[in-house]
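Have it open while you read, as the points hop about a bit.

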Amino acid sequence: MNNDILKTLYSEEDIKQACKKLGKQISEDYKGKTPIIIGVLKGAIFFMTDMVREMDIYTKLDFIDVSSYNGGTKSSGSVKLIKDIDIDVNGQDIIFMEDIIDTGRTLKYLKELLADRGANSIKVCTLMDKPEGRVVEVKADYVGFEVPNEFVVGYGLDYDGKYRNLPYVGVLKPKIYSDQ
Ligand SMILES: O=P(O)(O)OC[C@H]1O[C@H](OP(=O)(O)OP(=O)(O)O)[C@H](O)[C@@H]1O
Ligand code: HPA
Ligand SMILES: [Mg+2]
């Protein structure tokens, strides 16, 4: 699997440091509150579990599963809800945990969904932001890294459902896409 990677963008250590920094910042901003942390499956699994353990505040955890890439490198343009959250978010403070914001479609969909359900506040924490990929306007509140306009894999992010379990984030060799 490591052989398919052209270059590493963020090492395990880089990611660990980013989680520490963001966790500290969120703990300060939400002091005295109990935000609901919603992990956006599947990409955000590792980032979420690492992030919440860097937070020194009470939290409640939930998950939502949405998909729009179907394992490929291009957004299908429509976001499909696969699994909803269980918690009633009315009047609650929400923090979405995302692995990446690219076109912005997923985040726009999620923010509108929870705003309609009466959330008190909705913020977004993402490991990576790819501003050049943006198609709809949406902003993250907490960002680990601003990434170049390349398709990245690892630490939760997939190509063809694979590479999520790489402990770092990298760029695939072009031959991997052209073989498909
Ligand atoms: O800003 P966008 O262009 O909407 O892209 C970002 C979203 O796309 C990926 O999810 P994907 O739909 O691939 O599902 P997955 O997390 O299960 O891989 C990623 O995990 C984000 O949730
Ligand atoms: O660069 C990416 N890599 C993996 N999944 C993604 N979903 C949106 N952008 C990406
Ligand atoms: Mg994906």
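Which residues does the UniProt annotation "domain: Phosphoribosyltransferase" cover?

1. According to the unreviewed UniProt entry, that domain covers residues 8–159. UniProt positions follow the numbering used here, feature names are shortened, and an annotation may be inferred rather than shown by experiment. Over residues 8–159 the chain is 25% helix and 30% strand, with the end C-alpha atoms 15 Å apart. Helices (H or I, at least four residues) and strands (E, at least two) are DSSP runs, numbered from the N terminus.

2. Some housekeeping. This is a predicted model, in which local features need pLDDT of at least 70, side-chain atom pairs count only at pLDDT 80 or more, and totals for chains, interfaces and linings use all residues. Residues are numbered from 1 along each chain as its sequence is written, while chains are lettered from A and ligands numbered from 1 in the order in which they are written.

3. On confidence: the protein averages a pLDDT (the predictor's confidence in each residue, from 0 to 100) of 96, and 99% of the residues score at least 70. The scores for the model are ipTM 0.98 and pTM 0.96.

4. For ligand 2, look at Tyr-69, Ile-100, Asp-102, Phe-151, Val-152, Val-153 and Leu-157, which surround it; a residue is near a molecule if its C-beta atom, placed from the backbone, lies within 6 Å of it. By class, the shell has six nonpolar residues, no polar ones and one charged. Here Ala, Val, Leu, Ile, Met, Phe, Trp, Tyr, Cys and Pro count as nonpolar, Asp, Glu, Lys and Arg as charged, and the others, Gly among them, as polar.

5. There's an open antiparallel sheet of three strands, ordered β1-β9-β8. Its edges are β1 (5–10) and β8 (152–153), each pairing on one side only. β8 meets β9 (residues 169–172) over two bridges, and pairing requires at least two bridges found by DSSP. Val-152, from the ligand 2 shell, stands opposite Val-171 in β9.

6. Most residues other than glycine have a negative phi, and most peptide bonds are trans. Leu-41 and Lys-42 are joined by a cis peptide bond, with omega about -5°; Lys-42 sits in the loop between β2 (36–41) and α2 (45–52).

7. The loop between β8 and β9 holds Tyr-155 and also Tyr-163. Tyr-155 has a positive phi of about 50°, and phi of Tyr-163 is positive too, near 75°. Are these tyrosines buried or exposed? Tyr-155 counts as buried because it has 25 C-beta neighbours inside 10 Å, and Tyr-163 is buried with 22 other C-beta atoms within 10 Å. The cut-offs: buried is 20 or more other C-beta atoms within 10 Å of a residue's own, exposed is 12 or fewer, and partly exposed is in between, with C-beta atoms placed from the backbone.

8. Gly-91, in the loop between β4 (80–83) and β5 (93–101), is exposed because 10 other C-beta atoms lie within 10 Å. Leaving aside residues up to four places away in sequence, Gly-91 touches Gly-118 and Asn-120; contact is C-beta atoms, placed from the backbone, within 7 Å. Its C-alpha is separated by 30 Å from that of Gly-156, 65 residues apart along the chain.

9. Lastly, α2 has Phe-46, Phe-47, Met-48 and Met-51 as its buried residues. Their cover includes α1 (12–29), β2, β5 and β6 (121–129).

How values were computed
Contact = placed C-beta atoms within 7 Å.
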